[in-house]
Each structure stands twice: as C-alpha cells, then as structure tokens.
Amino acid sequence: VVDYGDMILQAYNLLKKNDTVLQAVQEKYQHVIIDEFQDNNFALNEIIGLIAQNHRQITVVGDEDQTIYSFRGANSYNISEFKKRFGGEPIALEDNFRSTQSILDLANASIKNNTEREDTNLFSKNGKDGPKPKLTWGEKNEQLVFLNNRISELLNNGMDNKDIAVLCRTHSQVNAVAEALLKSGIPVQARIPKYFSITAVLDLVSWCQVIADGKFQDNALFRLIEKRCGAETAHILFNKWQRRDETPRLELINAGQTIIEEFPRLRELLDDIKLFQNIIQKRSAGEMVWEICIKTDLLRPYNHRYTLDDRLAMLNVGDFLKRAQNFSRRNPKDHGLSAFNIYVEAVMISGGLQTIIPKEYKQLNGVRVSTIHSVKGGEYPIVFLPFLRSGSFPLNFRSRVMVSRPPDEWLSYEKSSHITPKDHHLEEERRLFYVAITRAKEQLYLLAPRKATSRFVKELPENIMEETVMQDINTNKKSYSDLRIKYEQKIQKAMASEQFDKVHDLANALEVIHHSEDGDDLELGSSDWEKELAQELEQDFEPNINGRLYLSASAIETYEQCPLKYRFGRIDGIPQTASKPQLVFGNIIHVVLQRFHEPGKELTRDRIVKLLEEEWKKGEFDYTVREEKFFDQGQEMLSRYAELMNDNPPNVIAREERFSFDLDDITINGAIDRIDKDENGVHIVDYKTSKSSTPAKSNLQLAVYSMYLKQSDSEKFGGIPTSASLHFLRDEEKPIRSHSFTADDLEKTEEKINKVASSVRRKEFNEKTGKHCDWCDYKHLICPAWEN
C-alpha cells in the first residue's frame with residue numbers, strides 16, 4: 001500500500017539517489033512555475049530544489065498570509081526559505097480585484113498583528129470603498145437567529161442563495177448553522193455525502209460483514225433485520241441475550257429453536273444469508289459483491305426512482321463493486337470476502353474513500369455554509385463570520401502529544417523563527433481569520449459575544465467597523481420539521497437534474513406534509529411517491545424503558561457523550577466490537593493488578609511481569625507487531641508500578657470490589673479496582689491505561705465509588721473515603737491524581753445521575769457527533785448521523 005506521503009518520499013529518494021533520473025527530469029523541466037507556493041511542505045520544496053538546482057529558472061507565486069494548512073506540513077517560511085535558496089527579490093502583488101477597500105482595511109488591520117511576515121497591504125482595484133464591515137454583538141443562539149433573519153431579508157430582497165456564505169472555524173459550527181437555516185426554510189448547498197455514509201453502500205457493506213463474519217457483523221445484522229423486519233423486531237431480538245455475551249448474534253439466532261416461529265419475517269433474511277455463506281468459499285470478493293447486488297435487488301429501487309441521490313448511490317455502489325473485483329484480481333491467493341472485509345474495515349476506520357458525484361451536485365443552489373479551510377480560493381458577495389468567541393476562534397493551543405519535535409534535518413525552518421509553538425498556532429489562526437475576511441466581495445458580517453470576545457475582534461480598530469447589537473430577535477419563528485427539510489432538499493436536487501415530473505410529485509408530498517403537521521387526517525394513494533411518503537410519516541419505533549433503571553458510571557458518561565450510543569448499547573442491546581486491542585490490553589492489565597495485590601504475595605517486578613505473561617491473550621491484537629508493542633508497554637508500566645508499590649506498600653482491604661446501591665428507582669452498579677486503608681482513613685484507587693491524564697476531581701467514576709462507600713455500612717470501608725485516586729499507569733512523572741470528595745460534591749453527582757435517568761425515561765436519544773465518533777463502532781453501519 002502506498003499513500004500520498006509515500007509517493008512524495010519515493011520521488012525524493014529517486015531524484016536524490018539516481019543521478020540519471022535526476023538529470024533526465026532536469027532536462028525535461030527546465031522552467032518551473034509553482035502556484036499557491038505557501039501550501040507546499042518541506043518534502044515538496046526539497047523535490048523542487050533538486051529539479052531546479054542547475055538551471056535555477058523557477059518562479060513561485062504565494063501568499064504567506066494564507067498559509068493555513070500546517071497540519072499537512074505547509075509552512076509560512078516557504079517564501080523566505082525560497083529567497084535564501086534561489087536568490088532574487090520578491091515582487092509584492094498588492095492589487096486586489098475581489099473585495100472592497102473597507103473589507104481589505106479590516107483584513108490588513110488584522111494580519112499586521114502577525115510578526116513573522118513581509119509588510120504588505122492589499123488595495124482594492126474594483127473602484128469601490130463599499131460599506132464598512134458590520135460587527136454585531138450577540139450570544140450563540142442569538143447569532144443563529146440573526147443569521148436566519150438577515151439571510152431571509154437578503155433573499156427576499158432578490159439576493160441569490162449562492163451569493164451568500166457563512167464561514168465557520170469548525171465542522172460542528174457548520175452543522176449548527178446549516179441545521180438552523182434549514183429549519184427556517186432557507187436552502188443550504190447540499191454537502192456531498194461521504195462514501196461510507198451513502199445508504200446503498202452501507203447496505204452492501206452490511207451484507208459483506210454478516211456473510212463473512214466481519215468486525216462489525218453484529219451492527220450489520222441489526223441493520224439488515226431493521227430494514228427487512230422493522231426496528232421493533234431488531235430491538236426485541238437483540239435484547240434476548242446479555243449485552244456482554246460476545247457470541248455473534250447471527251450464531252445465537254441460528255441456535256434458537258423458536259426464534260423463526262416468533263419472528264416469521266426473519267426466515268427470508270436468514271435463508272439469504274445462508275445461501276451466500278454456502279457459496280462464499282467458491283467465489284471471489286468481486287463475485288460475492290455482485291451476487292449480493294443481484295440476489296437482494298439492491299440497486300433496483302434506485303434505478304426505478306433515478307433521482308439525483310439515487311444516481312449518486314448507483315455510482316458509488318458501482319465503484320464498490322469495481323474495488324471488490326480489483327481486490328480479487330490483485331490478491332489471487334486470498335481473494336475472498338473475508339479478506340476484502342478486512343480491507344474495507346481498515347478503509348472505513350482510516351477515513352473512507354472519495355465519493356463519486358454526478359455533475360449536477362455542483363449546480364445545486366443554496367447558501368454556502370462551510371469551514372474556512374474548505375473555501376480557500378472561493379469568493380462571495382456577502383460573508384458572515386459567526387461564533388467569534390475566545391476558544392472558538394482562535395481555537396485554544398494544544399501541545400503535541402505524539403510528536404514533541406520535528407526531525408533534526410527539518411530544523412532550518414525552526415531556526416528561522418523567534419516565537420513559541422503557541423504563538424505559531426495563534427498566527428496561523430489569525431491567517432485563517434484573514435482568509436475568511438478576504439472571501440467577501442461586498443459585505444462582511446462579524447458575529448461575536450460581548451463577553452469572551454475573540455482576540456481577533458478585539459485587535460481591530462473600532463473606526464473601520466460598524467457596531468450593532470442584535471435587537472428584536474424573534475426566537476419564535478416557525479421551525480420546519482426534518483421531514484419537510486428532507487423533501488425541500490429533494491426538490492432542489494430534482495430541479496438541478498431537470499426532473500420536472502419528480503418536482504411535481506415532491507411538491508404534492510410537501511403539501512401533504514404541511515397538512516399532516518397541522519393535524520389533518522390524510523389518505524394517501526398507491527403512487528410511488530405516496531407509498532414512500534406513507535413510510536416516512538410512520539412514527540419511529542420507541543423502545544420501552546423499565547420502571548427501574550440500572551446505571552453505572554460508564555453508562556452515565558456514555559449518555560452524556562452521546563444519548564443515541566447509550567440507546568444502541570444499553571437499550572437495543574447491540575454489542576460493540578469486543579476485540580479492540582486497547583480494550584483487550586486494559587482488561588489484561590486490570591486482571592494482573594488484581595492478582596498482584598493478592599493477600600500475602602510479594603510486590604516485586606519479577607512477579608508482576610510473570611503475571612502479565614500468564615494473563616496475556618496471544619493473537620487478540622490484530623497483528624504481531626501491535627501485540628509486541630502492547631506487551632512491551634505492559635512490561636514497562638507494570639514494572640514501574642511494582643517499584644512504586646514496593647517502595648510504599650499499601651494496606652489493601654479490597655480488590656475488584658463489586659457493588660450495587662439504590663437511589664430511589666435507580667440502581668447503580670460498578671466495581672472498584674482497589675480500596676486501601678491506613679491511619680488516615682480509606683482510599684479508593686482506580687487504574688487507567690489511557691495515554692493522557694485527567695483530574696480526579698471531575699471524574700464521575702470516583703464520585704460514584706465515593707457515593708457507594710458513603711451509604712455503605714461495611715465495617716471495613718463504610719463512609720466517605722479520605723481520598724479517591726486515579727492511577728495513570730503510563731504517566732511517569734505524576735501517575736497519581738487524587739481528590740477528596742465532600743458531601744456537597746456527592747450531592748451534585750446524585751443530581752447528575754437523576755438528570756440522566758430522567759432524560760432516559762423521556763426517551764431522549766438524539767445523537768451527538770464529535771471526535772468521540774471516531775472510536776464508536778456504531779458510527780459505521782447504524783448511526784443515522786453518519787448516513788447520508
């Protein structure tokens with residue numbers, strides 16, 4: 001496998017080590033011209049240096065004030081380094097043919113606060129001063145309402161959707177703005193769905209996973225059952241077994257004697273799965289994917305409707321089929337579906353594939369809502385920059401965890417700088433702000449809160465902006481339903497494809513939705529659009545919630561992180577992948593430490609390493625190199641732990657103390673890793689194998705454990721513990737973080753538990769997206785937030 005970085009490195013090595021190749025390339029490319037030079041990284045610059053080192057006929061065009069891709073290796077020192085390598089004097093291009101001078105004045109005033117840049121200013125050549133940029137004060141919710149109202153006014157006054165852009169610092173901000181505009185009936189440019197969020201592709205992946213026992217086979221089976229038999233059947237079926245039972249659900253279903261009698265609609269699905277499993281040994285992955293498409297009629301409904309979204313689905317299913325065929329051809333010795341599943345799983349987890357889109361997607365008319373990084377090079381008559389709050393823009397600086405410094409051969413870049421990494425971060429954020437400002441051609445709106453205002457706003461002179469306060473914000477504006485938004489987007493896509501018969505049907509569907517939401521009784525006919533709408537109007541299945549709730553600290557944290565993830569795991573009973581190497585490793589370490597503190601046993605390094613060898617689960621880390629790495633880490637952290645314990649032996653009174661206690665109609669369950677006792681009192685210890693350390697004071701697990709001890713009548717450890725500690729086994733400098741919880745602390749924890757329990761009983765299971773989604777198994781095949 002060769003990625004883009006490998007291609008660059010191999011090109012460099014070839015030119016550096018092979019004089020014949022280098023000479024041939026130099027003779028062929030005697031004049032080199034590079035645009036957007038500020039986006040080059042160190043490696044590309046070295047390649048260009050080799051090609052141009054003899055003839056030295058090279059021209060580059062770049063703007064150091066637009067270096068915003070440092071996460072890809074781009075560097076603001078490209079231009080100064082170029083001058084040192086090739087000589088010559090730079091020519092400043094300060095004429096701007098896009099923006100008014102008022103907007104450029106704001107951009108110039110902002111970027112001059114960066115210290116490491118050439119002193120340049122932009123001047124408008126379009127002959128317009130234009131109105132001053134508007135700085136409007138308001139909190140986040142007020143800003144969203146302001147965007148709805150102001151954009152509605154602009155559209156009503158004849159402005160075209162595509163001439164308006166709302167540019168945000170983060171994807172979560174983009175989602176918030178897009179949702180708010182759509183709910184107000186304002187069309188937003190459709191975001192191209194990611195490859196593995198396309199429904200048809202997910203259906204095909206699910207079949208592959210179930211047939212060939214893939215990593216996500218349980219999620220995939222839940223999806224297939226839900227589609228064939230309904231959400232209620234999937235929910236009831238998956239709740240028949242304990243959540244912690246790692247047996248694949250298909251195996252449990254096939255072993256059940258009465259399941260087919262209880263769920264007769266399941267028979268057809270199970271027969272199809274069995275048919276595919278019977279031929280899997282005789283077919284390549286490409287042949288199996290083709291068989292699945294044919295047998296399940298996967299593409300037939302898309303071909304029948306043939307809307308813009310249907311065409312996108314068909315294009316990408318075709319691409320998936322082609323990839324399966326190519327995989328089989330390139331791997332003649334291991335070309336089956338099981339091997340292909342491993343490839344697909346790796347691609348899904350690592351970021352996915354490029355979506356193939358019909359050209360009409362680019363013609364969709366709507367307000368552009370995007371991150372700033374995504375619109376570099378774009379321009380819009382009117383631009384809004386919301387959420388200009390400290391910590392939101394600029395984002396807070398975070399030191400690198402994985403890499404502390406670049407390789408020595410890169411340090412010429414570092415030597416050119418006299419500012420700290422934190423200042424580097426701030427200056428790049430300011431360049432991003434500058435890029436956002438200079439996307440605006442005629443009007444620019446800055447939206448910021450009065451308190452915790454972004455430093456980028458505070459730096460700007462007041463006389464170059466017009467300040468206003470958001471007044472008469474109408475927060476009761478009618479909000480469109482998700483279904484109405486969905487059908488309005490369908491109309492938009494049908495118009496772009498000139499499918500006017502579809503537009504007529506969808507307009508009728510919108511009228512039905514309007515009457516349905518007003519509470520009118522409706523009778524739908526038998527046409528295709530009426531059948532589809534009837535299914536859409538059916539109420540989603542809602543699982544029953546038992547009167548008594550059983551919660552744990554991890555369950556509460558899961559709900560707070562994502563209520564839908566809580567439902568999938570705790571209510572629907574869908575197991576997550578059991579073989580995650582990090583989880584396997586963590587479980588091993590916990591068992592070793594539990595055994596290490598057995599009464600009367602010596603606390604030595606040799607003994608703890610021996611216990612690690614005894615408890616090690618060979619073959620459960622995906623591949624050998626990873627397993628060896630984890631084992632070495634385990635030896636290192638446990639040896640360090642043994643030395644610490646040997647120096648200060650604890651008086652351990654309980655290990656893996658399992659508990660259960662009630663808060664009215666809530667039962668709290670859990671297990672405490674270790675409880676110690678000395679002359680000062682009782683101490684709780686919880687082991688952590690995570691790479692980063694966090695405060696004990698804010699740890700919910702420790703608070704819940706302290707609540708248990710507080711209500712316990714045990715003579716050994718009853719009452720609020722003297723201290724509760726997290727022991728971070730990877731942390732060499734400060735492994736133990738402690739806190740003494742007070743009665744007030746525990747009262748607040750109880751309030752949090754009751755709040756979560758109330759939300760669960762109200763069946764509030766909306767999804768919350770974020771960085772945590774990268775570690776969630778449900779993301780890939782069943783989470784609606786990541787589908788389409």
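Q: Where does Gly391 sit?
A: In this predicted model, Gly391 falls in the loop between β8 (380–385) and α18 (411–415).

Q: Why does Gly391 count as partly exposed?
A: Its relative accessibility is 26%. Buried would need a value under 20%, and exposed a value over 50%, so Gly391 lands in between and is called partly exposed.

Q: How far apart are Gly391 and Ser454, in sequence and in space?
A: They're 63 residues apart along the chain, with 7.6 Å from C-alpha to C-alpha.

Q: Which residues touch Phe541, once its neighbours within four places in sequence are set aside?
A: Ala231, Glu232, His235 and Arg567. They count as contacts because heavy atoms come within 4.5 Å. As for Leu147, it's 394 residues from Phe541 in sequence and 35 Å away in space, C-alpha to C-alpha.

Q: How do you know that β8 is mostly covered?
A: Count its residues: 6 of 6 are buried, so each has a relative accessible area under 20%.

Q: What makes β8 a partner of β6, and of β9?
A: Pairing takes at least two bridges. β6 and β8 have 3 bridges in the parallel sense, and β8 is joined to β9 by 5, also parallel, so both count as pairs. On one side, Val166 stands opposite Phe384 of β8; on the other, Leu385 has Leu446 of β9 as its bridge partner.

Q: What order do the strands take in the open sheet of 6 strands?
A: The order is β7-β6-β8-β9-β5-β10, with parallel pairing. One of the links is β5 (residues 134–137) to β9 (residues 440–448), with 4 bridges; Lys134 has Tyr445 in β9 as its partner.

Q: Which helix packs on that sheet, touching β6 and β7?
A: That's α7 (residues 171–183), whose direction makes about 165 degrees with that of β7.

Q: How do you know that α27 and α28 pack against each other, and at what angle?
A: Two packed helices are described by the angle between their axes and the distance between the axes. For α27 (residues 605–615) and α28 (residues 624–647), the values are about 145 degrees and 9 Å. The crossing is right-handed. From α27, the meeting residues are Arg605, Ile608, Val609, Leu612 and Glu613; α28 brings Phe631, Gly634, Gln635, Leu638, Ser639, Tyr641 and Ala642. Sorted by class, that contact has 7 nonpolar, 3 polar and 2 charged residues.

Q: Which residues of α27 are buried, and what covers them?
A: Arg607, Ile608, Val609, Leu611 and Leu612 are buried. The cover includes α26 (581–596) and α28.

Q: How many residues lie between β13 and β14 in their hairpin?
A: There are 2. The strands run antiparallel and are joined by 5 bridges, so they clear the threshold of at least two. Lys677 of β13 (residues 666–678) has Val682 of β14 as its bridge partner. β14 itself is mostly covered, with 8 of its 8 residues buried.

Q: What makes β15 a neighbour of both β14 and β16?
A: Bridges again. β14 (residues 681–688) and β15 share 6 in the parallel sense, while β15 and β16 (residues 736–739) share 4 in the antiparallel sense. Ser725 has partners in both directions: Val685 and, in β16, Ser738.

Q: Which handedness does the β-α-β unit of β14, α29 and β15 have?
A: It's right-handed, with α29 (residues 700–711) as the helix. The label applies because, with the strands pointing away from the viewer, the path over the helix runs clockwise.

Q: Which way do the side chains of β15 point, and are they buried or exposed?
A: In a regular strand the side chains alternate between the two faces of the sheet. Here Ser723, Ser725 and His727 go one way, Ala724, Leu726 and Phe728 the other, and all are buried.

Definitions and conventions
Residues are numbered from 1 along each chain as its sequence is written. This is a predicted model: local features need pLDDT of at least 70, side-chain atom pairs count only at pLDDT 80 or more; totals for chains, interfaces and linings use all residues. Side-chain values use heavy atoms; hydrogens and water are left out. Buried means under 20% relative accessible area, exposed over 50%, partly exposed in between (1.4 Å probe, protein chains only). Axes are lines fitted to C-alpha atoms, for helices over the stretch in contact, and angles run from 0 to 180 degrees between N-to-C directions. A crossing is left-handed if the near helix is turned anticlockwise from the far one by less than a right angle, and right-handed if clockwise. Ala, Val, Leu, Ile, Met, Phe, Trp, Tyr, Cys and Pro count as nonpolar, Asp, Glu, Lys and Arg as charged, and the others, Gly among them, as polar.
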